[in-house]
Amino acid sequence: MAAPGENLRINPERLWDSLMEMARIGPGVAGGNNRQTLTDADAEGRALFQRWCEEAGMTMGVDRMGTMFATRPGTDPDALPVYMGSHLDTQPTGGKYDGVLGVLGALEAVRTMNDLGVTTRHPIVVTNWANEEGTRFAPAMLASGVFIGEHDLDFAYGREDADGKRYGDELQRIGWVGDEEVGARKMHAMFELHIEQGPILEAENRQIGVVTHGQGLWWLQVTLTGKEAHTGSTPMAMRVNAGLGMARITEAVHAIAMDHQPDAVGAVGQANVYPNSRNVIPGRAVFTIDFRSPDLEKLNSMRARLETEAARIAADLGLGIEIEPAGHFDPVTFDPACVAAVRDAAERLGYSHMDIVSGAGHDACWINKVAPTAMIMCPCVDGLSHNEAEDITPEWAAAGTDVLLHAVLEAAQVVE
């Protein structure tokens with residue numbers, strides 16, 4: 001089957017207009033977005049995406065996790081679909097492109113196929129995976145995790161946000177509980193377009209990142225239990241300070257990641273002390289540790305060392321300690337044939353490119369376990385993401401979407 005011609009390009013103005021229109025839903029306070037999963041803003045964004053998909057001639061399916069699947073038929077009803085997409089939910093102080101570019105870029109690819117009368121043997125499905133961010137309901141990539149069988153539906157429905165609201169209840173409240181069994185769909189391949197969320201592509205002046213691998217991660221939730229006491233009247237030697245324990249473990253996390261260089265990172269990203277009063281010594285601290293590496297041995301070594309050192313720190317301070325995994329996946333090697341399709345598309349289109357390892361987790365990392373999968377990345381300004389100042393250029397967005405279009409068409413087999 002011949003590869004798509006190099007003159008086949010998306011409509012960059014239409015793509016950018018779609019990104020800007022979606023960004024008006026769930027605006028942040030500093031120019032970005034707060035469209036957290038299963039909020040009213042998420043429901044509004046979903047409705048807009050559904051309308052656009054139906055206007056492009058696609059039919060919408062929704063599974064019981066709330067993931068959306070918009071299908072463009074192929075000529076062979078027995079051929080497995082080629083999937084592309086990402087997520088529309090954002091961080092509380094998120095940008096306009098993280099995840100959204102992958103969904104609306106996929107929609108633009110279909111719109112371009114329609115404009116040019118392109119038909120494919122395999123159906124094509126544009127996907128909005130639910131709760132990718134995992135900020136409101138941990139863990140991240142929850143819906144795709146259920147899709148591949150990493151989590152069960154009851155586990156997912158029982159996830160609670162900071163206010164004690166359950167995933168299943170909130171999905172019902174916003175009206176997006178689908179009737180499809182989660183994971184019942186079979187895939188020929190999947191491609192995910194995403195901003196890099198790091199500085200490498202911009203620093204190297206490359207338009208396209210050909211993602212060959214993804215980092216594995218361990219999210220560990222630590223609970224330290226001490227004794228609440230008055231900050232002014234409790235002698236220093238008699239304190240059982242959970243906040244101090246958290247501080248020392250935070251330093252240990254940094255030291256552990258540094259000792260595993262290169263290709264290892266670690267930080268405490270979410271932290272709470274209780275009762276969180278200015279004149280009360282914290283009696284409890286709950287915080288999450290994020291370790292990542294593309295090297296499985298390093299990843300597991302960091303976790304093991306943290307558990308040993310955190311237990312010692314807690315014992316030295318007289319604190320109770322519990323450590324439980326809050327999220328995990330092993331390092332990912334993406335499908336060589338799909339990766340080659342991405343690389344070939346970039347070369348055919350004349351875009352500068354380089355191989356890259358994804359530093360962040362993505363739905364593609366889970367789907368790679370059940371179907372051939374690859375990712376495409378475009379630069380973002382200063383590598384900034386999960387921040388309202390997140391920014392990309394229209395040219396970067398168009399280049400990434402052009403490569404997505406070509407890779408998907410190669411996998412879906414254009415009918416002459």
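A charge sits over a ring if NZ of Lys or CZ of Arg is within 6 Å of the ring centre and within 35 degrees of the ring normal. The views below are taken from a predicted model.

**View 1. Arginine side chains lie over tryptophan rings.** Arginine 303 lies over the face of tryptophan 218, 4.1 Å from the ring centre. Arginine 111 is placed over the face of tryptophan 52, at 5.4 Å from the ring centre.

**View 2. A salt bridge joins arginine 14 to aspartate 115.** The N to O distance between the two side chains is 2.8 Å. Distant parts of the chain are linked by this pair: arginine 14 belongs to helix H1 (residues 12-23) and aspartate 115 to helix H3 (residues 100-116), 101 residues apart. Arginine 14 has a relative accessibility of 23% and therefore counts as partly exposed. The structure holds 18 salt bridges.

View 3. Aspartate 42 and arginine 46 form a salt bridge, with their closest N and O atoms 3.3 Å apart. Aspartate 42 and arginine 46 are buried. Arginine 51 and glutamate 55 form another salt bridge, their closest N and O atoms being 3.1 Å apart. Arginine 51 is partly exposed at 39% relative accessible area, whereas glutamate 55, at 55%, counts as exposed.

**View 4. Strands S1 and S2 form a hairpin.** Strand S1 (residues 59-62) pairs with strand S2 (residues 68-72) in the antiparallel sense, over four bridges. Glycine 61 stands opposite phenylalanine 69 in S2. Five residues lie between the strands, and glycine 66 in the turn has a positive phi of about 90°.

**View 5. Tryptophan 16 and tyrosine 97 form a stacked pair.** A search of the whole structure finds seven aromatic pairs. In this one, the ring centres are 5.6 Å apart and the planes meet at 25°, so the pair is stacked. Tryptophan 16 is in helix H1 and tyrosine 97 in the loop between strand S3 (82-86) and H3, 81 residues apart. Tryptophan 16 and tyrosine 97 are buried.

**View 6. Phenylalanine 69 and tryptophan 129 meet edge-to-face.** Their ring centres lie 5.7 Å apart with planes at 85°. Phenylalanine 69 is in strand S2 and tryptophan 129 in the loop between strand S4 (124-128) and helix H4 (142-147), 60 residues apart. Phenylalanine 69 is buried at 0% relative accessibility, and tryptophan 129 is buried at 1% relative accessible area. Phe69 and Trp129 form one aromatic cluster with Tyr83 and Phe147.

Terms used. Residues numbered from 1 in each chain as written. Predicted model: local features only at pLDDT ≥ 70, side-chain atom pairs only at ≥ 80, totals over all residues. Heavy atoms only, no water. Salt bridge = Lys/Arg side-chain N within 4 Å of Asp/Glu carboxyl O. Helix = DSSP H or I, 4+ residues; strand = E, 2+ residues; numbered from the N terminus. Buried < 20%, exposed > 50% of the residue type's maximum accessible area, 1.4 Å probe, protein only. Pairing = 2+ DSSP bridges. Phe/Tyr/Trp six-rings, centres within 6.5 Å; stacked < 30°, edge-to-face > 60°.
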